Amino acid sequence: MTITDCEGTGNYSDPERDYPSLTYPFLHSKMAKLEMVIAADQEEKVVRVIRETGRTGDRGDGLIWVSEVNRVLRIRNEEEGSCVL
């Protein structure tokens, strides 16, 4: 799992709490990107947990992309496949 601080464009920020800065200009919003690689049989459970715990009901709650990973390799010891996860 990887969590990345990032910025997005759009009208997601709360003008009462968020202000433009040198890091985040007026039309950019602070965001976090969560990336996970999981076993296929865990997909529905993980999607459900993210939906239930990530929903605030406000704009900018995010999107979930589900895509296949064709191959997983560990660089350090050259392991390959589900043993890497």
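A salt bridge is a side-chain nitrogen of Lys or Arg within 4 Å of a carboxyl oxygen of Asp or Glu. Keep that in mind as we walk through this predicted model, because side chains of opposite charge can pair when their charged atoms come close.

How much confidence does the predictor have here? The protein chain averages a pLDDT of 82, and 75% of the residues score at least 70. Among the elements, helix H1 (residues 43-54) has the highest mean pLDDT, at 95, while strand E2 (residues 28-35) has the lowest, at 82.

Now for the pairs. How many salt bridges does a search of the whole structure find? It turns up three.

Let's begin with Glu80 and Arg71, whose side chains meet in a salt bridge with an N to O distance of 2.7 Å. Glu80 is partly exposed at 42% relative accessibility, whereas Arg71 has a relative accessible area of 55% and is exposed.

Next comes Arg74, which forms a salt bridge with Glu79; their closest N and O atoms are 3.2 Å apart. Arg74 counts as partly exposed, at 27% relative accessibility. Glu79 is partly exposed too, with a value of 30%.

Finally, hop over to helix H1, where you'll find Arg48 and Glu52. Their side chains join in a salt bridge, 4.0 Å from N to O. What separates these two along the helix? They sit four residues apart in helix H1, so about one helical turn lies between them. Arg48 is partly exposed, with a relative accessible area of 44%, and Glu52, at 56%, counts as exposed.

Conventions:
Residues numbered from 1 in each chain as written. Predicted model: local features only at pLDDT ≥ 70, side-chain atom pairs only at ≥ 80, totals over all residues. Heavy atoms only, no water. pLDDT = per-residue confidence, 0-100. Buried < 20%, exposed > 50% of the residue type's maximum accessible area, 1.4 Å probe, protein only.
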